[in-house]
Amino acid sequence: MSAFVLAACGEEKAPSWKGEWKNLGGDKGVCRKSFTFKGENNFEIQNSRVQGGEQSSGTYKHIESNDYEFDYGGGSDNFTIIVEKNTMKVHSSGKDTICEYTKVDKIR
């Protein structure tokens, strides 16, 4: 029972990501233009124009520590993601660049 409670607490990290995150100007060949996190582990990624400009969506799951797998349906990417207040640092598996994003608050 205690292992279940600890695991459940560890998964509560993702809701703080909820919303839209915009690139702070990192390498457009590596860094996505934006990430949007929605409920139930859903996401949308907007690629930069250099990356083709397309938008992808799917689901993500926690692997371990700060590592997550993003599943697009036809493929997947692994990212290390660290969020501190309104800044998110994303490191794509197999790349040297760490991309930084800032949280965008939308008023609706």
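Trp21 has Phe35, in strand E2, as its bridge partner, and this pair belongs to the antiparallel pairing of strand E1 (residues 19-23) with strand E2 (residues 34-38), which runs over four bridges. Strands pair here if DSSP finds at least two bridges between them, while helices (H or I, at least four residues) and strands (E, at least two) are DSSP runs numbered from the N terminus. This is a predicted model, in which local features need pLDDT of at least 70 and side-chain atom pairs count only at pLDDT 80 or more, whereas totals for chains, interfaces and linings use all residues. Residues are numbered from 1 along each chain as its sequence is written, and side-chain values use heavy atoms, with hydrogens and water left out.

**Overall fold**

- The protein chain holds one helix and eight strands, and along the sequence these elements follow the pattern α-β-β-β-β-β-β-β-β.
- The eight strands close into a barrel in the order E1-E2-E3-E4-E5-E6-E7-E8, with antiparallel pairing. From one strand to the next, the twist averages 35°, where axes are lines fitted to C-alpha atoms, for helices over the stretch in contact, and angles run from 0 to 180 degrees between N-to-C directions.
- Strands of a sheet pair through backbone hydrogen bonds, either parallel or antiparallel.

**Burial, surface and contacts**

- Of the 108 residues in the protein chain, 27% are buried; buried means under 20% relative accessible area, exposed over 50%, and partly exposed in between (1.4 Å probe, protein chains only).
- The protein chain exposes about 7000 Å², and carbon and sulfur atoms supply 49% of that area; accessible areas come from the Shrake-Rupley method with a 1.4 Å probe, and for residues only the protein chains shown count as cover.
- Among contacts with a separation of 6 or more in the protein chain, 32% are between residues 24 or more positions apart, a contact being heavy atoms within 4.5 Å.

- E5 and E6 form a hairpin with four residues between them, and Gly73 in the turn has a positive phi of about 100°.

**Loop residues with positive phi**

- Ser65 lies in the loop between E4 and E5, which form a hairpin with two residues between them. Phi of Ser65 is near 45°, a positive value in a residue other than glycine, and Ser65 is exposed, with a relative accessible area of 56%.
- Asn41 lies in the loop between E2 and strand E3 (42-46). Phi of Asn41 is near 60°, again a positive value in a residue other than glycine, and Asn41 is partly exposed, with a relative accessible area of 33%.

**Glu20 in strand E1**

- Glu20 has its place in strand E1 and is buried, with a relative accessible area of 11%.
- The side chains of Glu20 and Lys22 are joined by a polar contact of 3.3 Å, a polar contact being a pair of N or O atoms within 3.5 Å; within protein, one must be able to donate a hydrogen and the other to accept it, and residues adjacent in sequence count only if both atoms are side-chain atoms.
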